[in-house]
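Welcome, and please take a moment to look over the sequence and the model below.

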Amino acid sequence: MLCAITLNSSRVAQRPLALSYTGPAPRFQQRSNSITPRSTAPALKADGKGLEGVHPRAPLLLTLNANPTPRILPDEKAGIIVSHPSRNFIPAKNDNTSALTSFAGDWVLFHPVYTSEEVNTVKVLRLERKTTSDKIASACVAVLRYGFDVLSQYKHKDIPTGSNMSLQELRAKGYSMDDHKWLLRILFLETVAGVPGMVAATLRHLRSLRLMRRDAGWIHTLLEESENERMHLMTFLTIKQPSFWFRALVLGAQGVFYNAFFLAYLMSPKTAHRFVGFLEEEAVYTYTRLIEDIESGRLPEWEDMPAPGIAIDYWRLPQDAKMLDVIQAVRADEATHRFVNHSLANLNHTQDVNPFALREPDMALKGTKIALERSEAADFINETRVILDEGVSKPSSSSLEKPPMSETISWTK
């Protein structure tokens, strides 16, 4: 079978495994640089843990009673069991509308999944503000952060060296925060963080329609970023539901921020992506402080808290994962967004291909490097071409070699 792919082909076709898969196109998860069909992913169990929803190649096997223990239907030979302890997959015969509200599934796009080693490679980095555009974006983030700090009551000063203050004293003097204040901070941050990716994807989508040409992979990455931030919010909402007044505050902030970012992206996509990169720098810093609090015992409420089920499913965490594992995965996501947006800001948004449409970089690269320069992005794309053309193991992302390749790559099977 002869298959061909160009840099302008769709994201589904760009998945190497999709080119050789003879059955229905599978959905994918990604663990670092390996692209794995979700059909081989763990966490499909009859006890409801690791919910994947209806598997693309599996029959509908289960129905659930009022008893949360799943009842397996006659055909058990398929070997794939899908369940949910609190949902009925098959509605009652006398109610043909209940499926609209009771059907559960894994409604997520392609996203990275990290190993325990990868989440610890993330560093707090700051991009040097060189241009006027950079300085404007940085100033806007500084104003936005100040507003976040006030509204979420965020106070986290550096603890004096040699201090022997008790936990109560640290919290009273603003050197540490309790779980309630941390949740306020995170919930407010994530409700706003999911806006830029959706706005940018919408505008690029409309631009593609107006010009009647392909978008070169930008839309997919931006939508994935937006959904990833939304999944952060869904995760923390399992711990605490915000008050009516908090929701009203978020509603107002979201309305203002959406329209402001919409106008900013229309005027200067480069500045808008740089703004998001700076915003993600602050997010990485905030989550790093949170991780330090948990590891040092200054947040005992979360030390032994089990990870929410939605987080275990989304990041493919171990079933015994703790809240610390969730925070580390969230920080890795924020480092990815920092790297991606600063890299996109270095590209020509009207001509350049999105280098991350074909392949996700190493976490070791995303966590320790602030961005790819335009020439490095071109090298990264050429590395990807080599991987797809030769079908060999990926070379180190840090090498960023640039071999001569044709615009079209072919496989023979």
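## Salt bridges

Please keep in mind that this is a predicted model. How many salt bridges does it hold by the rule used here? The count comes to 16.

| Pair | N to O distance |
|---|---|
| Arginine 126 and glutamate 281 | 3.8 Å |
| Glutamate 301 and arginine 171 | 3.1 Å |
| Lysine 366 and glutamate 360 | 3.0 Å |

Let us start with arginine 126, whose salt bridge partner is glutamate 281. Arginine 126 sits in the loop between β6 (112-113) and α4 (132-151), while glutamate 281 belongs to helix α10 (residues 269-295), so the pair ties together parts that lie 155 residues apart in sequence. Is each partner buried or exposed, or something in between? Arginine 126 has a relative accessibility of 42% and counts as partly exposed. Glutamate 281, at 1% relative accessibility, counts as buried because buried means under 20%.

The next pair joins glutamate 301 to arginine 171 through a salt bridge. Here, too, distant parts of the chain are linked: glutamate 301 is in the loop between α10 and α11 (309-315), arginine 171 is in helix α5 (residues 167-172), and 130 residues separate them. Glutamate 301 is partly exposed at 31% relative accessibility, and arginine 171 is partly exposed with a relative accessible area of 23%.

In the last pair of the table, the side chains of lysine 366 and glutamate 360 meet in a salt bridge. Lysine 366 and glutamate 360 are both buried.

## Helices α9 and α10

Now for the packed helices. Two packed helices are described by the angle between their axes and by the distance between those axes. For helix α9 (residues 244-267) and α10, the angle is about 135° and the axes are 6 Å apart. The two helices are therefore oblique to each other.

Which residues make the contact? On the α9 side they are Phe257, Phe261, Ala264, Tyr265 and Met267, and on the α10 side Pro269, Ala272, His273, Phe275 and Val276. Nine of the residues in this contact are nonpolar, one is polar and none is charged.

Definitions and conventions
Residues are numbered from 1 along each chain as its sequence is written. This is a predicted model: local features need pLDDT of at least 70, side-chain atom pairs count only at pLDDT 80 or more; totals for chains, interfaces and linings use all residues. Side-chain values use heavy atoms; hydrogens and water are left out. A salt bridge is a side-chain nitrogen of Lys or Arg within 4 Å of a carboxyl oxygen of Asp or Glu. Helices (H or I, at least four residues) and strands (E, at least two) are DSSP runs, numbered from the N terminus. Buried means under 20% relative accessible area, exposed over 50%, partly exposed in between (1.4 Å probe, protein chains only). Axes are lines fitted to C-alpha atoms, for helices over the stretch in contact, and angles run from 0 to 180 degrees between N-to-C directions. Angles under 35 degrees count as roughly parallel, over 145 as roughly antiparallel, 65 to 115 as roughly perpendicular and the rest as oblique. Contact means heavy atoms within 4.5 Å. Ala, Val, Leu, Ile, Met, Phe, Trp, Tyr, Cys and Pro count as nonpolar, Asp, Glu, Lys and Arg as charged, and the others, Gly among them, as polar.
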